Amino acid sequence: MEIAEDEHGVQSLDELLELQNKQIKNFIPPSVAQKRLQDKLDDLPEDPGVYYFKDKTGNIHYVGKAKCLKDRVKSYFQYGNVTSRKISAMLKKSHFLDWEC
């Protein structure tokens, strides 16, 4: 909370949540994350299922579900996508991708 206060003038938990979920316009995903995951992105099925983004130690840090895994997961890497700081941070620390159909 101290960092948020120092860097962004956040005074309350509500302000912190508002800052966390602020939209980023014209988001360009980290190319490093996309390169790391490109082989897996190419192998994604068009089936419904659950996907897992994992950090460099293999720990799951994000779980999502989709009607079409290929479309949903690839949507994180589309240029011009409008997304949150939370998603941007998630992509930066993603080293592995797994899924279940």
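In what order do the elements of the protein chain run from the N terminus on? The order is α-α-β-α-β-β-α-β-α-β, which comes to five helices and five strands. Helices (H or I, at least four residues) and strands (E, at least two) are DSSP runs, numbered from the N terminus. This is a predicted model, in which local features need pLDDT of at least 70 and side-chain atom pairs count only at pLDDT 80 or more, whereas totals for chains, interfaces and linings use all residues. Residues are numbered from 1 along each chain as its sequence is written, and side-chain values use heavy atoms, with hydrogens and water left out.

**Chain as a whole**

- Of the 101 residues in the protein chain, 35% count as buried; buried means under 20% relative accessible area, exposed over 50%, and partly exposed in between (1.4 Å probe, protein chains only).
- The protein chain exposes about 6800 Å², of which carbon and sulfur atoms supply 49%; accessible areas come from the Shrake-Rupley method with a 1.4 Å probe, and for residues only the protein chains shown count as cover.
- Among contacts (heavy atoms within 4.5 Å) with a separation of 6 or more in the protein chain, 65% are accounted for by residues 24 or more positions apart.

**Helix α5**

- Helix α5 covers residues 85-92, and its buried residues are Ile 87, Ser 88, Met 90 and Leu 91.
- Seen down the axis of α5, these buried residues fall within an arc of 160°, so they line one face of the helix; the arc is that of the directions from the helix axis to the C-beta atoms.
- The exposed residues Lys 86 and Lys 92 are carried on the face of α5 turned away from its buried side.

**Lys 67 and its surroundings**

- Lys 67 is found in the loop between β3 (60-66) and α4 (69-75), and this residue is exposed, with a relative accessible area of 77%.
- Leaving aside neighbours within four places in sequence, Lys 67 is in contact with Glu 46, Asp 47 and Pro 48.
- Asp 47 is 20 residues from Lys 67 along the chain, and the C-alpha atoms of the two are separated by 6.6 Å.

**Salt bridges**

- The whole structure contains two salt bridges, a salt bridge being a side-chain nitrogen of Lys or Arg within 4 Å of a carboxyl oxygen of Asp or Glu.
- Because Lys 54 lies in strand β2 (residues 49-54) and Asp 98 in strand β5, the pair ties together parts that are 44 residues apart in sequence.
- Lys 54 is buried, with a relative accessible area of 18%.
- Salt bridges that share partners join Lys 40, Lys 54 and Asp 98 into one network.

**Cysteines**

- The structure holds zero disulfides, a disulfide being a pair of cysteine sulfur atoms within 2.5 Å.
- The cysteine sulfur closest to that of Cys 68 is in Cys 101, at 9.8 Å, which is too far for a bond.
- Cys 68 counts as buried at 18% relative accessibility, whereas Cys 101 counts as exposed at 64%.
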